[in-house]
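Please look over the sequence and the structure below before reading on.

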Amino acid sequence: MRRRAVLAVAVALAATGCAAGTGGTASGADDAAAACGPSTVKVAHRDVEPIGRPVPKLPATVASADGKKVTVKSADRVLALNLYGSLAEIVYSLGLGDRVVGRDASTTFPAAAKVPLVTNQGHDLSAEAILRLDPTVVLADKSIGPPEALDQVRAAGIPVVMIGDEQTLPAIGEHITAIAAALGVKDAGARLDARVTAQIAAARKTAPARGTPLRVAFLYLRGTSGVYLIGGRGAGSDAMIQAVGAQDAGTHAGLNGFRPLTSEGMINAAPDVILVMSEGLKSVGGVAGLLKLPGIAQTPAGKNRRVVDADDGTILNFGARTGETIEALATAVYRTCDDAA
């Protein structure tokens, strides 16, 4: 089973005090915040905003992403589980949150806070834990497992619909459409898709037009487990970085997916800005601890302490709030020191 080290990096700027000024960068871009120090991305809405209160029209037979035809007869008790929390976020945004009976560890928005966890051990599924919740339909993707657990759920007569697991901006609409079809709310799915598409388009325009883009590296950090990775092409973080008009440093250095962090790799990537998840930054002892990792202090971002952290549940989520996350990320990356207060 593919077990991604990709977890959500949300980027919300809560900056420290800094002096105004524009600095040069390794990429050749001017960086108005080069001397401003660390910051945190602030997404406008922490919670989901349902598109309405649709009534499911079921039964519905849909094509599952694993090639199976699945008939869903009831959406009264829904489980939507994956590594990123995006499936549950879409279900809630469709207006069906009151039907969700369990959640994964990445579903952290307030509306789902009191829903019981199904993934008590990291992101591993237990057939027994799922069956105890008596769901009428389970939505999942390949990022979560093991597959045997989902096979046991199917064997118990519960429909399991697999959703595509591609983590890209274009795939968000596909996931919304697939989930809406499985739950019998196609019209709500079309409205939500249109809303998210418009939000993403508007958010991308908030990044200022510039000649030479800033170079941003996304680091996945879990200091307690000794996991230190840098994202490259196809990691998901590259799409978010590019959405705000910046250049993904890992991709620039020729990396694909997530790769172990090395001193040589960081120096070659030469990021102007380092993007991390908030909990990951805490796990290495904050910015001071981050600067002790291989090669970090030698990069332009390290020298300027130009570190942006984001809530773990949004940046690699690729769910219904992605437009808001892109807008917040752009605000964070392109702020001036005067914006720090």
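What follows describes a predicted model, grouped by topic.

This is a predicted model in which local features need pLDDT of at least 70 and side-chain atom pairs count only at pLDDT 80 or more, while totals for chains, interfaces and linings use all residues. Residues are numbered from 1 along each chain as its sequence is written, and side-chain values use heavy atoms, with hydrogens and water left out.

**Helix H1**
- Helix H1 (residues 86–96) is mostly covered, with 11 of its 11 residues buried, where buried means under 20% relative accessible area with a 1.4 Å probe and protein chains only.
- Helices (H or I, at least four residues) and strands (E, at least two) are DSSP runs, numbered from the N terminus.
- The cover over the buried residues of H1 includes strand S4 (78–81), strand S6 (137–140) and helix H5 (186–204).

**Nonpolar cores**
- A nonpolar core is a set of buried Ala, Val, Leu, Ile, Met, Phe, Trp, Tyr and Cys residues joined through side-chain atoms within 4.5 Å.
- In the largest nonpolar core, of 69 residues, Val91, Leu139, Val161, Ile179 and Leu183 touch the most other members.
- Apart from this core lies another of 19 residues, among them Ala217 and Val307.

**Aromatic pairs**
- The whole structure holds 2 aromatic pairs, meaning rings of Phe, Tyr and Trp (its six-membered ring) with centres within 6.5 Å, and planes over 60 degrees apart count as edge-to-face.
- Tyr92 and Phe109 have ring centres 5.0 Å apart and planes at 80°, so the pair is edge-to-face.
- Tyr92 and Phe109 are both buried.

Note on methods: Buried < 20%, exposed > 50% of the residue type's maximum accessible area, 1.4 Å probe, protein only. Contact = heavy atoms within 4.5 Å. Phe/Tyr/Trp six-rings, centres within 6.5 Å; stacked < 30°, edge-to-face > 60°.
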